[in-house]
Amino acid sequence: MKKNQEKKTIHDNDTKLIRAINSGRRELFYELVKRHEHSLYNFGLRMCGEPRDAEDMVQDTFLNVYRYLDGFRYETRFKNWLYRIATRACIKKRRKSIYAPEKELSLEEFLPSDESQIPDEVPEWALMPIDKLLNRELNGMIRDAILALPEKYRVVIVLRDLEGFDTAETAQISGITPVNVKVRLHRARLFLRDKLKAYFHHDD
């Protein structure tokens, strides 16, 4: 039993700090906040779309981390655990936000009724991590397109393409299977391709 527990333990750059905090040095929690608050805010901004909502999400996330950190079992990277909490906070915040649309677009409304009509191959630029494509002109367009995605697709593409988590980590954070991550990512990229095709056709 002990051997299995040791096998599951994962060490990362935060492990030592978390163990210190959980041993009673709670004053070190702020160091943990400083390490992740900037990236977490950017994640919140991509998910929620509004600075105020992103700030609230970061605050809610760290309050929950502080509350439950002593239950962290070191079976995953702390960052993955943190983003799982943040993802839930984002979804909760988004649903309450006065800025959120009354009704999100349905991806099914956008996709052809016949799945065979969906192209198997996604253009090369659409398969690239989105942050590679960002420039001043595209930034707003991509941001708006991502925010227009239904929530379950937006979570996957933000985690996978913008935050840099791999498929297994994205599945773990979002609570779905790796297969579903791939399906949703594929559909989200198709949606973005459609939204951005005018720009690229014009660019040609």
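Which residues does F78 touch, not counting residues up to four places away in sequence?

Reply: The model is a predicted one. With residues up to four places away in sequence left out, F78 touches D12, D14, I18, L32, H36, V65, L69 and F72.

As a general point, nonpolar side chains in soluble globular proteins tend to be buried together.

One of the contacts of F78 is I18, and I18 is among the buried residues of α2, together with T15, L17, A20 and I21. Just after α2, G24 has a positive phi of about 125°.

L32 and H36 are also touched by F78, and both take part in the contact of α3 with α4. Helix α3 covers residues 29–48 and helix α4 residues 51–68; their axes come within 8 Å and cross at roughly 140°. That angle makes α3 oblique to α4. The crossing of α3 past α4 is right-handed. On the α3 side, the residues in this contact are F29, L32, V33, H36, E37, L40, Y41, F43, G44, L45 and C48. They meet P51, D53, A54, E55, M57, V58, T61, F62, V65 and Y66 of α4. By class, the contact has 15 nonpolar, three polar and three charged residues. V65, on the α4 side of this contact, is another residue that F78 touches.

F43 carries the description from α4 to α9. This residue belongs to the α3 side of the contact with α4, and F43 is also in the contact of α3 with α9. There, F43, R46 and M47 of α3 meet R154, V155, V158, L159 and L162 of α9. Helices α3 and α9 pack at an angle of about 140°, and their axes are 10 Å apart. Here too the crossing is right-handed, with α3 passing α9. The classes in this contact are six nonpolar, no polar and two charged residues.

Further along in α9 is K152, which counts as partly exposed because its relative accessibility is 40%. The C-alpha atoms of K152 and S174 are 8.7 Å from each other, while 22 residues separate the two along the chain. With neighbours within four places in sequence left aside, E169 is in contact with R77 and N80.

As for the chain around this part, it has 11 helices and zero strands. Of its 204 residues, 42% count as buried. Among contacts between residues at least 6 apart in sequence, 70% join residues at least 24 apart.

Methods:
Residues numbered from 1 in each chain as written. Predicted model: local features only at pLDDT ≥ 70, side-chain atom pairs only at ≥ 80, totals over all residues. Heavy atoms only, no water. Axes fitted to C-alpha atoms, helices over the stretch in contact; angles between N-to-C directions. Helix = DSSP H or I, 4+ residues; strand = E, 2+ residues; numbered from the N terminus. Parallel < 35°, antiparallel > 145°, perpendicular 65-115°, else oblique. Left-handed = near helix turned anticlockwise from the far one by under 90°. Contact = heavy atoms within 4.5 Å. Nonpolar A, V, L, I, M, F, W, Y, C, P; charged D, E, K, R; others polar. Buried < 20%, exposed > 50% of the residue type's maximum accessible area, 1.4 Å probe, protein only.
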